[in-house]
Amino acid sequence: MQHMKQALALEILLSGESALLTGPAGTGKTFVLNKFIQQARAAGKYVSVTATTGLAATHLSGVTIHAWSGIGVHDSLPNNFVEHLSKGRREIIEKTDVLIVDEISMLHDYRLDMVDEVCRLVRKRVDEPFGGIQVVLSGDFFQLPPVNRAGSREGGFVVNSQAWRELDPVILYLDEQFRQREGDVLLDILTAMRRNDLRRHHAEKLLERTGCEPSEGVGLTELHTVNVDVDRINQMKLAELSGDEVLYQRHTTGSDNYVENLQRSVLAPEVLTLKTGALVMAVKNDQARRYVNGSIGTVVDFEPATNYPVVEFRSGKVVTMQPDSWELRDGTKKRASISQIPLRLAWAITVHKSQGMTLDSARIDLRKAFVPGMGYVALSRVRNIENLYLTGINQMALRMSDEAYVIDEQLRAQAATDAERFAPLMKKAEKRAAAPEKLSKKASSTSWQAKIAKMRETYPNVYKPWTNAHVR
C-alpha cells in the first residue's frame, strides 16, 4: 500500500506518543501534521500549533513557539517568570493536550529547555516532560541550523537539550519523495547531499543551470543568502516600474532597544515603498483569512481616500491592505509595538524565509552561502531542475552540517527500532486508510474516553465544565 510510512506515522501520533517527525524536504511532513491536527481536534483534543519562525508557522496557521510559551526573545527564564505570564497565555498552556513545533532545526537547544520548564511550571506537573503535554516536533536537521547572533547566548540543535533526553520522542522518519519526481536530476543531487556523497557529475549538472534564462514574463521569486542582495533586487525591480512611489512609514511605541528587537521578527520594513504593479508578499496572517503570512500578490491600485494599497493575491482575492501591529510583550507588560502595512516586496526573499515553501520556479544565488544546509534548503524548494535558475554557487552552498550527518544516522537507527516497536499499529493504519472517515473519530475518541476516565480518578471534574469550548 502506498504512503504506508505516512499512515503509520499518523497512527503513532494519534496513539498519543510524543514524537519527532523528520525526513528530507518534500516528503510530506506538513501533510502528516495537518492530518494529525485535524483528527486530534475532531477527537476533542486541544492542539496548539507553533513553529520556530513566523513564516513557518503560517504553513500550519499557527504562532511562533516563542510567542506561545511567552519566552519571547529571552535567552533564559527570568525569576518568577510564570507569575508574570498573562492569564490568557497560562490558560492556553494549561488546556493544551498536544503541542506541535514545526521547523525544529532552527530552535536552540536551550530554548526547548525553556519551553519545557514553562509548561511544567504553568501546569504544576514539574516531574513530567512539558508538564504532560504530547509534544510533536517536526523538521529536518540538514536544513537551517539555529542562528547564533552576536551578543546573545550560543546554542545548538534541540537534540542536545535536557528536554529532548527526558521527552525521548518516537522517531518518525519519512523518506518517500512528493515534491520532486523519482529519477529527476535535482532529487539525485539533493539525496547525494544528504548522504555526503556529492560527485563531480552532480556539481556539473548544477553549474549547467547557471547559464539558463527563463522565458520572458515569468514572475520569478529570487532566493538570496544575504539581506542586502534581497533589498537591492527589490529596489531595482521597483525602479523599473512606471508610476509614482507611495511610501508608508512604520509607527512604533517603546524604547529603541525593544523596538529593534521586535523589528527583527517583523518582516514588514521600516519604510514600505510601493508602486502599481509591484510584486508583494503578505507578512502577517489576516484576521479575516483573506491572506496569510507568505501570500504573494501584485499591487493593482491605491484606495483613493486613504492611499492604502489594493493587492490582488494569487488566490484571486483582492484586498485593501490596512496597517496591522506587532507587539513585544514581557509577561503582561507591553515593551514595544510596531504598526505598518503588512507587506514587503517579493521579487527576492532570503533562503531563511523560504524554508517550508514550495516554489514553482526560482532563481537562486548561492555565491554567498554562509552556513551549512543553506544550499540544500534553497535547492529543495523547487520541483525539478528545469525550474531552477542559478546565478552562481560557492563551496559552502553544497555543504551540510557535520553534526547533522551524525544526528541523521542516529535518527535513522532509532526510527527503524521504533517502527518495529509500533508495527502492531500497522493493522490500525491499514483499516483507517481503507475507511478513513468512519474510523478516525471512533478510534481516536475511544482512547480519549479512556484517558479522561483515568484522569478523573485523580481530578473528578476534569474537562467537565468546558467541553464545548474545548472542541476547536
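## Aromatic pairs

In this predicted model, the count of aromatic pairs comes to 3. One of them joins Phe-141 and Phe-157 in an edge-to-face arrangement, with 5.3 Å from centre to centre and 70° between the planes. Both residues lie in the loop between strand S5 (134–138) and helix H7 (162–167), so the pair ties together parts that are 16 residues apart in sequence. Phe-141 has a relative accessibility of 3% and therefore counts as buried; Phe-157, at 3% relative accessibility, counts as buried too.

Phe-142 and Tyr-405 form another edge-to-face pair, with centres 5.3 Å apart and an angle of 65° between the planes. Phe-142 lies in the loop between S5 and H7, while Tyr-405 belongs to helix H14 (residues 402–421), so this pair ties together parts that are 263 residues apart in sequence. Phe-142 and Tyr-405 are both buried.

## Charges over rings

Two aromatic rings are described here together with a charged residue. The charged end of Arg-209 sits over the ring of Tyr-389, at 5.6 Å from the ring centre. Lys-284 lies over the face of Trp-326, 5.4 Å from the centre of that ring.

## Helices H5 and H6

Two packed helices are described by the angle and the distance between their axes. The axes of helix H5 (residues 87–95) and helix H6 (residues 109–123) come within 9 Å and cross at roughly 90°. H5 and H6 are therefore roughly perpendicular to each other.

On the H5 side, the contact involves Arg-90, Ile-93, Glu-94 and Lys-95, which meet Val-118, Cys-119, Val-122 and Arg-123 of H6. By class, this contact has 4 nonpolar and 4 charged residues, and no polar ones.

How values were computed
Residues numbered from 1 in each chain as written. Predicted model: local features only at pLDDT ≥ 70, side-chain atom pairs only at ≥ 80, totals over all residues. Heavy atoms only, no water. Axes fitted to C-alpha atoms, helices over the stretch in contact; angles between N-to-C directions. Helix = DSSP H or I, 4+ residues; strand = E, 2+ residues; numbered from the N terminus. Parallel < 35°, antiparallel > 145°, perpendicular 65-115°, else oblique. Contact = heavy atoms within 4.5 Å. Nonpolar A, V, L, I, M, F, W, Y, C, P; charged D, E, K, R; others polar. Phe/Tyr/Trp six-rings, centres within 6.5 Å; stacked < 30°, edge-to-face > 60°. Buried < 20%, exposed > 50% of the residue type's maximum accessible area, 1.4 Å probe, protein only. Lys NZ or Arg CZ within 6 Å of the ring centre and 35° of its normal.
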